[in-house]
Amino acid sequence: MHTILLPAGWAKPKGYANGIAAEGRSVFVAGQIGWNRQNRFECDDLVGQVRQTLLNVVEVLGEAGAGPEHIVSMTWYLTDRKDYLAHLDGIGKVYRDVIGRHFPTMAAVQVVALMEDQAKVEIQATAVVPHPR
């Protein structure tokens, strides 16, 4: 079970949690980018790459018997902060389509570049799968 941590008096964050306490088996997902299973980019726009990146995260989680609901932390690396801010609605929609209404702790960081020239976003995730009771 995951417990959302929100200190008394703090405003509730939108789209993420300030903290999560969790017990269980940890699953670590390496940074994923917006290419398909054959390492090919099918789109060049940020929203499309976010969708594919999140699908990749979910697919890796599935290999450990985990799902989006088990994610406790995500770090997003973006190559263009202004592009991200300009497309928040579209990013939010694809996030909800793939991850659902589960909002783990998150950090978003603008970087100069990613290792793949065509990549606009990379997402690293940590999940905790509760022990069976």
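Predicted model: local features only at pLDDT ≥ 70, side-chain atom pairs only at ≥ 80, totals over all residues.
Which backbone oxygen lies 2.9 Å from a polar atom of the side chain of Asn56? The backbone oxygen of Trp35 lies at that distance from the Asn56 side chain.

**Helix H1**

- At the start of H1, a side-chain oxygen of Asp45 comes to within 3.4 Å of the backbone nitrogen of Val47.
- Just after H1, Gly65 has a positive phi of about 75°.
- The buried residues of H1 are Leu46, Val47, Gly48, Gln49, Val50, Gln52, Thr53, Leu54, Asn56, Val57 and Leu61.
- The cover over these buried residues includes strand E3 (25-33), strand E4 (71-78), helix H2 (81-86), helix H3 and strand E6 (121-129).

- Asn56 counts as buried because its relative accessibility is 10%, and buried means under 20%.
- Leaving aside neighbours within four places in sequence, Asn56 is in contact with Gln32, Ile33 and Trp35.
- With Trp35, Asn56 also has the pairing named at the outset, in which a polar side-chain atom of Asn56 lies 2.9 Å from the backbone oxygen of Trp35.

**Asn39, in a loop**

- Asn39 is placed in the loop between E3 and H1.
- Asn39 has a phi near 60°, which is a positive value in a residue other than glycine.
- Most residues other than glycine have a negative phi.
- With a relative accessibility of 46%, Asn39 counts as partly exposed, a class that lies between the limits of 20% and 50%.

**Val98, in H3**

- Val98 lies in helix H3, and its relative accessible area of 14% makes this residue buried.
- Not counting residues up to four places away in sequence, Val98 touches Arg51, Leu54, Leu55, Val58 and Pro68.
- Val98 and Lys12 are 86 residues apart along the chain, and their C-alpha atoms are separated by 23 Å.

**The largest pocket**

- Rolling a probe the size of a water molecule over the atoms shows where empty space is left.
- The largest pocket has a volume of about 570 Å³.
- Its lining consists of 17 residues, and those nearest the centre of the pocket are Lys14, Gly15, Tyr84, Leu88 and Gly92.
- Helix H3 (88-98) and strand E5 (105-110) each contribute at least two residues to this lining.
- H3 provides the largest share of the lining, namely seven residues.
- Sorted by class, the lining of the largest pocket holds ten nonpolar, two polar and five charged residues.

**The second largest pocket**

- The second largest pocket contains about 230 Å³ of space.
- This pocket is lined by 15 residues, of which Ile4, Lys12, Tyr16, Ala17 and Phe103 are the closest to its centre.
- By class, seven residues of the lining of the second largest pocket are nonpolar, four are polar and four are charged.

Terms used
Residues numbered from 1 in each chain as written. Heavy atoms only, no water. 1 Å grid on protein atoms, 1.4 Å probe; cavity = no way out; pocket = protein on both sides within 12 Å on 5 of 7 lines; lining within 4 Å. Points joined across faces, edges and corners; volume = space filled by probe spheres on them. Helix = DSSP H or I, 4+ residues; strand = E, 2+ residues; numbered from the N terminus. Nonpolar A, V, L, I, M, F, W, Y, C, P; charged D, E, K, R; others polar. Buried < 20%, exposed > 50% of the residue type's maximum accessible area, 1.4 Å probe, protein only. Contact = heavy atoms within 4.5 Å. Polar contact = N/O pair within 3.5 Å; in protein donor to acceptor, adjacent residues only side chain to side chain.
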